[in-house]
Each structure stands twice: as structure tokens, then as C-alpha cells.
Amino acid sequence: MRHNPKHAVCDERVVRALIAGNPWSTIVSHTDDGLVASHYPVLLDEHSDDLAVVTHVGRPDEQLHRFGTSEMLLIVAGPHGYISPSWYTEHATPVPTWNFSVAHCYGIPQILDADENLRVLTRLVEHFERHVDAPVALDQEFGTRLATGTVGIRMPISRFVCKVKMSQDKDPQTQRQVLDALRTPGPYSNPRLADQMQRAMSAAPGETPG
């Protein structure tokens, strides 16, 4: 990730909120055969006071990644989108850009045993099903069979690099115009990004912008 201290965030709470709100992640491992990347949903480990995530991968991804032998990179991205200079005031430098929030998290993944893997699968289903009108629970007998085709992992996050770039360097009027443009129907309409940008703008220095 580009080194830009202006948008760097060191607050673990921001990373937690980013993971919780954007659970579809990219996991990257460096193996003897080169880089390997996969995409899976992750959840924060609710049983740990330390920052950690749990997930599962479908076989044979665990062999491709060689989990447990080296550090893994977990990439979680929040709302992002194009920002047109046509939305700026005449006082702002007319340079197009991209607003985004992203965290690069590093750690050595731990392989879960069969029982814990089933618990993680059950929790994943419960977590996402709770938002539908008629939630469907994971039948444990079926889940046990399903779990044999997956490998559960827990990754304690030993360090992270987090960037939140939400037009913080623009003047207040330009920020308001960008917000209005993101909430207006059109090719770059992005209300979710506008909400994230609003939260970042509302946070006082030292507070959580996420």
C-alpha cells in the first residue's frame, strides 16, 4: 500500500469496524510456488480480546496456502469510489482521485480442529442469515458433513496497515459538494461511500473515523 501518513490510521477500533462491516476479504500467502490469493468471508473472533479473525476455506485451498507455515496477508476493503474534480470548489486543486478505506492485516493462521471448524461454519451462517426475513439455521448433521470439505482457520492479527482516505485534505465546501454528488443519482452515485465519508469528517482528531 502506498506510504501516505496523512491517511494512516493506527486505531485498532477502525480495523475492527472495517472487518465487521466488510467481511468479504482477500487472503494472500507467499509460498515456495509463489503468491496464492483466495477470497472468503471473515468474522472477528468474538472469544478473543486480541484482534483476530476466523473463517474457513474450501479444500484444497489449505494446501495451496500452506497455512501455519508462514505469515498471511488479509486484505479488507470498505466503501470506495471515484471522486470527480468537477465536484470541487474553484479553490480546490482539480485533481481526480479515489476515496477508500482498507486494512492490510498480517498474522500466522492457525488450523482449527473439526469441532471448532463446525462452530465457525455455524456462526458464519447465523451471522449472515439474521438479516433475512426467514433465517435458515445450519443443520448440525448436514453441517458436519459439509465441514469435511472445508478447513477452518483462526488468524491472530499481529500487525496491520490501515488507510482511510475520505477527502480529508479538501476544504469544507468541497467536502459538502462531494458528499452531495455521491448521494445524487448518476454514474458515480455512491451513498455508502458518502456515509463513510461523513463519519470520517465528523470524527475529531484522535477519534475513530470508521
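Reader: At what angle do helix H3 and helix H4 pack?
Author: This is a predicted model: local features need pLDDT of at least 70, side-chain atom pairs count only at pLDDT 80 or more, and totals for chains, interfaces and linings use all residues. Numbering starts from 1 along each chain as its sequence is written, and side-chain values use heavy atoms, leaving out hydrogens and water. H3 covers residues 114–129 and H4 residues 140–147 (DSSP runs numbered from the N terminus, H or I of at least four residues for helices, E of at least two for strands). Their axes (lines fitted to C-alpha atoms, for helices over the stretch in contact, with angles from 0 to 180 degrees between N-to-C directions) sit 10 Å apart, and the packing angle is about 115 degrees.

Reader: Which residues of H4 make that contact?
Author: Contact here means heavy atoms within 4.5 Å. H3 brings Asn117, Leu118, Leu121 and Thr122. On the H4 side you'll find Gln140, Gly143, Thr144 and Ala147.

Reader: Which strands stand at the edges of the open sheet?
Author: Four strands line up as S4-S5-S10-S9, paired antiparallel (pairing takes at least two DSSP bridges). Two of them each have a single partner strand, so one side of each is left without a neighbour in the sheet: S4 (43–44) and S9 (110–111).

Reader: What is the bridge partner of glutamine 110 in S10?
Author: S9 pairs with S10 (residues 150–156) over two bridges, antiparallel. For glutamine 110, the S10 partner is arginine 154.

Reader: At what angle does H3 run to S5?
Author: H3 lies across S4, S5 (52–58) and S10. Relative to S5, H3 runs at about 100 degrees.
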